[in-house]
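Subject: Structure handover

Hi,

Here is the structure I promised you. Please open it first, then read the notes below.

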Amino acid sequence: MSESLVELKGASKIYEGNYAIRNVDFTLKHGEIHALLGENGAGKSTLCKIIAGVTELSEGELKMDGEPAHFTAPSQALSRGVMMVYQETSLVPGMTVAQNIVLGKENILNRLRGLEIMAQQLLRSMNFYVDPTKTVSQLTSAQKQMVEIARAVHHGARIIIFDEPTATLTPEEKLYFFAVVDKLRKQGVSMIYISHALEEALEISDRISILRDGELVKTANTSDLDRDTIVRNMVGRDLASPVSKSANKHDNETAKARKPVLKVENVIYGNVVKNMSFSVFPGEITCIGGLIGSGRTEIAQVICGEVKRNILNGGMIYLNDKPIRYTVPAQGVRDGIAYVTEDRKLNGFFETMDIAQNIYIGRSTTPEYRGLRYSEAVEETVAEHWIKKLQIRAIGKKIGVKELSGGNQQKVVIAKSMVQEPELIIFDEPTRGVDVGAIDEIHAAIRQLANSGVAVIVISSYLPELLSLGDRILVAKQGRIIEEFSPETVTEEAIMHAAIH
Amino acid sequence: MSQLGFIFKEMFFPNRDRHAIPPLDGAMRPNSELDDVETIARFDVPPVGLTSDGVGGVYCAVGNVIMKRNDAGLFEDFEGLDGEISALAADGQNGLVAGVVGKGVRYIGGSAAGTEWTHAGGKSILHPTAIGIAPDGSIWVAEGSQQNAPKDIIRDLLEHGNSGRIIKCSASGETKVITQGLAYPSGLVCQSDGSVLVTEAWKHRLLRFRDDGRAPEVVVPNFAGYPGHLSTGIDDGFLLCFFAMRTHLIEFLLEEDTYRKNMIDHVPPEYWVAPSLDCNETLLTPLQFGRIKVHGETKAWAPPRSYGLVAHFDSEAIATDSYHSRTNGETHGITSSCFANGELLATCHAQKSIVRILSGQKEGQNV
């Protein structure tokens with residue numbers, strides 16, 4: 001048996017004449033966790049997709065167990081024990097957890113009860129508390145992740161490829177996840193781990209490979225690397241810090257005694273948001289932290305009209321002292337409220353349209369531009385402006401947004417909202433699944449927006465982001481805003497303490 | 001409020017003002033500045049009515065005695081009266097006006113010494129809570145309640161007290177009731193333009209009165225706490241003390257008439273579900289199902305039963321600075337405050353003390 005389980009030699013993949021990866025040599029050893037790092041569009045996903053059989057190599061060769069392998073479909077890779085856990089989960093939402101676990105390896109006739117018992121045993125054996133009879137659409141993203149892992153284990157995977165597994169997990173769930181990964185490693189499973197959270201990669205991986213612009217920059221043992229070296233290799237330049245702190249800070253002190261743009265008063269929405277009250281001031285970035293499920297996203301959706309608060313005792317929302325209660329988001333857009341969703345793939349953009357079309361659609365929702373007129377020239381100039389402003393990078397101009405990397409997709413979503421010239425803009429997890437370099441650019445864009453007088457709400461689970469971006473940091477817990485911190489004095493521990501207790 | 005009536009209102013008047021508890025943000029963002037203050041005097045009973053005469057004299061009332069701050073910065077006896085003093089104002093010409101519980105308002109010292117006002121509108125002035133001296137020399141008095149003395153302030157809240165009055169007293173001994181039926185006016189300050197600011201505690205608002213027969217103007221409609229003592233601030237602004245904060249629990253309690261009535265009738269006052277000016281917690285203090293303490297430590301952001309808050313507002317009644325002692329602090333129940341010689345002083349009910357919040361010119365100018 002050869003030492004490496006998977007070996008890529010001189011691997012290249014060409015999309016429309018552009019190299020997505022170029023001449024990459026990569027090995028995965030038995031029972032190791034190999035972290036794959038790089039900026040968005042560096043080619044990490046492409047590399048993994050080749051190993052998992054989703055796409056084929058253009059040049060070079062792929063070896064498994066020392067023998068040349070050629071996969072034309074994921075099922076072929078799966079039969080060799082390669083399983084990929086995608087960033088946006090690939091489970092079937094309408095089927096139950098148990099059904100999803102066996103999917104792809106099911107018998108012709110299945111007895112549901114037996115499946116459920118098997119699934120229950122499998123999940124419990126890995127300490128996952130997920131009800132196997134629930135349909136996947138009812139699960140939280142962390143639970144979906146757990147089901148994906150259980151599925152991989154059930155399929156007897158020898159190689160599991162994780163694409164951003166922790167992006168949607170709460171800190172507590174991350175600990176769970178790491179324990180599972182550790183357990184799998186002890187069972188001899190090899191793992192490829194794609195992440196933007198460098199700290200995590202440093203914590204759990206054995207080796208790290210860094211890709212930049214499709215080329216392999218460095219492969220080394222984790223113990224030989226530190227954060228700064230990784231960032232330098234990833235970006236090709238030095239970044240001050242993950243998110244440069246002082247540069248994003250508010251610079252005028254006049255913002256002190258002023259009128260709030262938005263006042264939220266005792267808003268109640270189901271049993272998710274309970275008596276939430278806070279205000280948002282113009283020209284300031286109000287960050288809302290807290291655990292997932294603390295009602296942060298829901299209050300944003302209530303404000304912008306995506307969901308409706310309770311009719312009885314639902315509380316009040318005032319926009320510029322005028323009470324608002326939207327039935328559809330269009331009314332919110334008309335009043336100048338923009339919401340940048342946390343689930344960009346589902347709600348953020350039209351994935352088959354190109355960048356310019358997506359941005360133009362955002363523009364056409366505002367009152368000034370409503371109507372049936374369509375101008376290709378305007379579309380092009382508007383798109384050009386925003387592509388330049390947010391530094392959106394794409395291989396081709398006319399490709400669908402779904403082809404872009406996570407960070408560039410996020411920039412398109414942001415551009416689509418910013419083009420509405422809102423008075424209040426809500427960013428929900430603006431940098432989830434976005435790499436270090438793009439985080440910087442997105443943060444700079446948000447800060448610029450606030451400096452131009454727009455009231456900004458940023459909802460984030462990433463604590464360094466709260467600290468570096470926020471002018472005020474609110475912490476939500478169990479549907480209430482329980483505490484406000486000032487970013488100058490607060491620590492990550494204090495925020496977590498407030499969010500948990 | 002009947003459930004049907006409530007549903008009717010929610011359906012047909014969804015945009016009515018709910019008078020909800022506003023969040024403490026902007027300049028009112030909680031800090032712990034009141035916990036780091038210097039205690040400059042401590043007494044056996046809580047001091048009240050801290051006042052400065054504007055020319056260097058600082059007075060306060062402790063029980064039946066008026067105290068004056070001497071050159072060494074210590075408080076010493078100035079004058080003893082025959083009843084509990086509940087309000088104090090200084091005219092800047094060695095004269096003091098004191099409100100005595102059950103006995104009315106009287107002038108002490110100065111040129112008008114001995115002048116006394118005991119009745120207004122055919123009723124005795126029983127429970128003065130604040131006194132202001134207008135630029136024209138007239139005395140404005142806030143009477144918190146006809147029924148409840150200032151020490152029973154919480155009972156007045158739970159009984160939905162609305163028997164407060166604003167009384168204008170002239171130097172000749174006459175009195176005029178400016179308004180009545182207020183929900184516990186607890187602070188009063190005369191402005192240089194002749195208007196008078198009054199806090200109405202149980203309605204959580206700030207009113208501006210003028211002696212022209214017109215209805216008062218609502219300056220601030222909704223505070224996050226129960227506004228109390230008012231005094232002159234910087235640049236035509238004012239200082240406002242909040243003796244306790246509103247919480248959802250108390251707001252709810254105030255709507256539940258039967259429960260509240262039973263509680264008042266059957267439970268000793270110290271165990272009432274009610275705001276408090278003291279923070280000495282006994283074992284029996286309700287901790288609200290663990291929402292207050294975690295790992296044996298009191299959470300700063302827990303719903304406060306007692307709280308300390310002094311805030312400065314500018315001439316447009318927008319908060320510019322605030323000093324807090326939160327749930328985990330001890331400088332609670334701030335009953336009065338004033339600027340004197342560049343210092344910001346306050347009386348703390350919970351500690352029975354006088355504290356110095358700001359000292360010296362440097363910080364005073366920041367306010």
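How are α12(A) and α14(A) oriented to each other: roughly parallel or roughly perpendicular? They are roughly parallel, because their angle is about 30 degrees. (Angles under 35 degrees count as roughly parallel, over 145 as roughly antiparallel, 65 to 115 as roughly perpendicular and the rest as oblique.)

Before the rest, some ground rules. This is a predicted model: local features need pLDDT of at least 70, side-chain atom pairs count only at pLDDT 80 or more, and totals for chains, interfaces and linings use all residues. Residues are numbered from 1 along each chain as its sequence is written, chains are lettered from A and ligands numbered from 1 in the order written, and side-chain values use heavy atoms, without hydrogens and water.

**Overall**

Chain A has 17 helices and 20 strands. (These are DSSP runs, numbered from the N terminus: helices are H or I with at least four residues, strands E with at least two.) The C-alpha trace spans about 70 × 50 × 50 Å along its principal axes.

**The α12/α14 pair**

Helix α12(A) covers residues 355–364, and α14(A) covers 406–418. Their axes lie 7 Å apart. (Axes are lines fitted to C-alpha atoms, for helices over the stretch in contact; angles run from 0 to 180 degrees between N-to-C directions.) From α12(A) come A:Ile355, A:Asn358, A:Ile359, A:Ile361 and A:Gly362. They meet A:Val412, A:Ala415 and A:Lys416 in α14(A). (Contact means heavy atoms within 4.5 Å.) By class, that contact has five nonpolar, two polar and one charged residues. (Ala, Val, Leu, Ile, Met, Phe, Trp, Tyr, Cys and Pro count as nonpolar, Asp, Glu, Lys and Arg as charged, the others, Gly among them, as polar.)

**The α4/α5 pair**

Helices α4(A) (112–125) and α5(A) (141–154) pack at about 105 degrees, axes 10 Å apart. They are therefore roughly perpendicular. A:Met118, A:Leu122 and A:Leu123 of α4(A) contact α5(A) through A:Ala150, A:Val153 and A:His154. By class, the contact has five nonpolar, one polar and no charged residues.

**The sheet**

Four strands of chain A form an open sheet in the order β2-β1-β4-β5, with antiparallel pairing. (Two strands pair if DSSP finds at least two bridges between them.) The edge strands are β2 (18–29) and β5 (67–68), each pairing on one side only. Eight bridges join β1(A), residues 4–15, to β2(A). In one of them, A:Tyr15 has A:Asn18 of β2(A) as its bridge partner.

Best wishes
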